[in-house]
Every structure is written in C-alpha cells, then in structure tokens.
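Please keep the sequence and the 3D view open while you work through the points.

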Amino acid sequence: MTNAAPLLDLTPEEWTAIRLSLRIALTATASSLPFGIAVAWLLARKRFWGKGLLDGIIHLPLVLPPVVTGYLLLIAFGRKGVIGAFLAEFGIVFAFRWTGAALACAVMSFPLLVRPLRLSFESIDRRLEDAASTLGASPLKVFFTVTLPLAVPGLIAGTLLGFAKALGEFGATITFVSNIPGETQTISAAIYTLTQIPAGDAAAARLVMVAIVIALIALIASEWLSRRAGQRFHGE
Amino acid sequence: MLTVDVRRTLSDFTLDVRFASGGTTALFGPSGAGKTTVANLVAGLMKPDDGRIALDGEVLFDSAQGINVPAHRRRIGYVFQEGRLFPHLTVARNLDYGRWMNGHPRDEAAQERIVAMLDLGTLLQRRPGKLSGGERQRVAIGRALLAKPRLLLLDEPLASLDAARKAEILPYLERLHQEALPMIYVSHHPDEVRRIADQVVRIDGGKVTAIGGIELLG
C-alpha cells in the first residue's frame, strides 16, 4: 500500500474543500427535506389550481442548463436581487457565500428529492389512514404516525439522491457563488480548478478518489437503511 | 342509541336509509346494497349529502345545523373487512394505537382482558405481515376495542377468510357480547348474523326494506 499513502496525503486546502462540500451538501439536503416532504405530499394527495405549474417549476432545474439556474439564482438572490436585497436587510446573504452554494445545491437536487417521496406517498394504502382516524388520530397525527413512517423507503431514496446531487453540483453553484477557496470551493470546483493548471493532476486524482469514496459510503448507507426499513414492514 | 337518517348519492343509486340501533344491529343485505357506505357514513369516513346521525344524544352529523364531527372525534371503533393493521408497527403497538392517539393513560387491566379474550398473547411482538388472516382480524378487533369506542362497527369482518378461519373467529365475535358495547355488524351471511345480532336492518338497493329481529333472515 505504499502508493496509497501519498495518494491520501491531502493538503489543508483539499481538506477544506472536502469539509466544505460535505457541509454544503448536508445543509442543502437537511434544509430542503421538510419542503420536499410537504411538496411531495401535496403533489401526491391534493388537487389544486396550478398543480401542473408547481410540478413543472420543481422539475425545471433537472432540464434547464445548470448555468441558467445559477444565473436565475444570482438575479433573485444576489445582493441586488429582488429577494436577495430584501433578505440582506435581515443579515441573510447568499451571494458568494457557502450558504449560497447550499441554496444552489438545494434547488438543483430538489426534484430528485421530491420524486421518490411522492411515489412513496402515492403508493400508501389510504385505507390505513382511515383506520387510524377511526382510532382517534387527528389528520396531523395520522401523517406522522402512519403516512410518513410508511413513506420511509421513499424518504431514504430521495434523501440519498438529493445528497448525491448536492455533493456533485457544479454548474449552478459556480455561476451563482463562484469558486472561492474556503468559502464556495467544493470538491467539484476544486477538481475543475486543478485541471486548469499544469501541475494539478496528482491533487485532482486525490480529490477524485475522495469523491468516489463519499459517493460509495452514501450508497451503502442508503442500501443498508432501505433494507432495515423493508425488514420492519415485512419481517419479524 | 344510534339514530341514522341520511341520504347520499352514489355512482349507481341513491342511498336513503333511516334506522335506530341499540345493542347489536346487523345491516343485512346483498353485496352492493350500500351497507358499507352506511358504516362509513356513521364512522365519519364519508359525508352524507344530507340528514342526521346521532349517538347517545350527541349529534355527529346534521346537514341542517352544519354539524359534521370528524372521524377521529367520534369515538366509533371500526373493524374493516381486510383488518387494515399498520404494517410498520408490532401487534402490541397496533393494539395500543388508539390509547396513544387519544392520550389515555395506560390501562393494563383492559389490555390484559382483551388480549386474553382474543387470545393475542403469543402474537404481541409480531408484525402484521407475519400473521394469518384470522389472526389479523382478531388483532383488528382488539385494536378497535382498546380505543374504548362508544360503538363498534364491524364490516364483513369474516369476508376475507376461508371457512375454517371463519369458524375460528366466530366464537370471538360472540364473546364481544360480554363487552356490553353497542355494535353494528355488516354482513350478507344469515348464519353469521343469526349468531351475533339482536336486531336486523335489511338493506337493498340503498333503501331499508325491513327492520326487525333475526326472524327477518328467513
């Protein structure tokens, strides 16, 4: 394993990019999860005016060029943007901050988070919810004790897909918050920078390894969680 | 005492029923006569177009007064044809669900009595996916009883079972008489109804065609 040692000998800058990537992806996933659950439930269960439009808007980041999404975020949430200027008065700034990167990742990963959750909600036997209400559960309690626990497989799948997307997001992030080491430079952005300089190959290779390892860990964790959830429903 | 006087338009006919019930009343009639709909209206899972439903003097639904008590506040237990146990909870947690939702204190005595009455002792740590059809229905009955309802609705609780399983559950249903709990038993099987009900409300094509004792079964 003599070759592995220098390969994993990461510089402080590389560690910073890794920590930042994880922080951004975790923040993006955790903060979009409640919205994702609410939107998935609305789309699965309710009929309302503008439902098709909402569905379309959520899926837009999936089909738009990421640069366009990043640019739209810049217009809306930049310091002079409509929403950005308003939020700045409360001290909330997204432009060129790691929080902005988290916002870009959240927007880009949102459709991937919502889709499996929505399918899970749609596949739940609603007669179980009726049964819960005859046992005295209010609609809110029905949601938290029956609907959401039964949607756990979709929740796991959506969270993992969203997290993976957030971890790898590049185009919208770099457009919206640029590529600032220590603030907005994620693993992807760091690899991109390293490929632009002549001596960057070794460092790029190290970060590529790290990206693969993180992705594998996330996949294995999700697989394990899904299996446990499956056992809970069908096993002893 | 339950009084029902409701109308509801369904896809192939209009349901229009009026009856009063104390003790154990069977809603008896052919499949598709609207019996399950009546049970759903009483439970609050469906809303009548108009009419009135009252239980022990409390109005649960009254279209004239704009009253419609939601299902979770009616305290009406419901045993469905297919059990509808929560697949993600153990039998013990299924049984405890009503108490948990209503915020009642634990009642070990009631729990033990009902577990013994329905022979559920060996099933408590299992999950519904590992139960037979008959076991599932027994748990469903126990779950409904432990929520301490004022009225128990049973909608063809034996319909999904084969003859052997039916014979297994029927004695448990007869034991429900000891509970002194008013019941509505929905069925199209005269032999089940004869063993369980005191009063029979015959329903056909969405209308009550006769009300009387078990002699109506012919």
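This is a predicted model: local features need pLDDT of at least 70, side-chain atom pairs count only at pLDDT 80 or more; totals for chains, interfaces and linings use all residues.

**Strands of chain B**

S7(B) and S8(B) pair in the parallel sense, and four bridges connect them.

- Strand S8 (residues 151-155) of chain B is largely enclosed by the rest of the structure, because five of its five residues are buried.
- In a regular strand, side chains alternate between the two faces of the sheet.
- Setting aside neighbours within four places in sequence, B:Leu153 is in contact with several residues, among them B:Ala39, B:Val42, B:Tyr78 and B:Ile184.

**Loop residues of chain B with positive phi**

- B:Asp56 lies in the loop between strand S4 (50-55) and strand S5 (58-62) of chain B, and its phi is positive, about 50 degrees, although it is not a glycine.
- B:Asp56 counts as exposed because it has 11 other C-beta atoms within 10 Å, where the cut-off for exposed is 12 or fewer.
- B:Lys148 lies in the loop between helix H4 (133-146) and S8 of chain B, and its phi is near 55 degrees, a positive value in a residue other than glycine.
- B:Lys148 counts as partly exposed, because it has 16 C-beta neighbours inside 10 Å.

**Chain A and its helices**

- Chain A contains twelve helices and zero strands, and its C-alpha atoms fill a box of roughly 70 × 50 × 30 Å along the principal axes.
- Of the 236 residues of chain A, 39% count as buried.
- Among contacts in chain A with a separation of 6 or more, 76% come from residues 24 or more positions apart.
- Helix H3 (residues 51-63) of chain A has 13 residues and reaches 19 Å from its first C-alpha to its last, which is close to the 18 Å expected.
- H3(A) bends by about 30 degrees at A:Ile57, and a proline, A:Pro61, follows within four residues.
- Helix H6 (residues 98-123) of chain A has 26 residues and reaches 37 Å from its first C-alpha to its last, close to the 38 Å expected.
- H6(A) bends by about 45 degrees at A:Ser109, with a proline, A:Pro111, following within four residues.
- H6(A) is mostly covered, with 22 of its 26 residues buried.

**Where the chains meet**

- The contact takes 22 residues from chain B and 19 residues from chain A.
- H2(B) gives the most to the side of chain B that touches chain A, supplying four residues.
- That side of chain B has eleven nonpolar, six polar and five charged residues.

**The largest nonpolar core**

- The largest nonpolar core has 116 residues, of which A:Ala104, A:Cys105, B:Val42, B:Leu153 and B:Ile184 touch the most other members.
- H6(A) provides the largest share of this core, 14 residues.

Conventions. Residues are numbered from 1 along each chain as its sequence is written. Chains are lettered from A and ligands numbered from 1 in the order in which they are written. Helices (H or I, at least four residues) and strands (E, at least two) are DSSP runs, numbered from the N terminus. The expected span of a helix is 1.5 Å times one less than its number of residues. The bend at a residue is the angle between axes fitted to the seven residues ending there and the seven starting there. A residue is buried if 20 or more other C-beta atoms lie within 10 Å of its own, exposed if 12 or fewer, and partly exposed in between; C-beta atoms are placed from the backbone. Two residues are in contact if their C-beta atoms, placed from the backbone, lie within 7 Å. Ala, Val, Leu, Ile, Met, Phe, Trp, Tyr, Cys and Pro count as nonpolar, Asp, Glu, Lys and Arg as charged, and the others, Gly among them, as polar. A nonpolar core is a set of buried Ala, Val, Leu, Ile, Met, Phe, Trp, Tyr and Cys residues joined through C-beta atoms within 7 Å. Two strands pair if DSSP finds at least two bridges between them.
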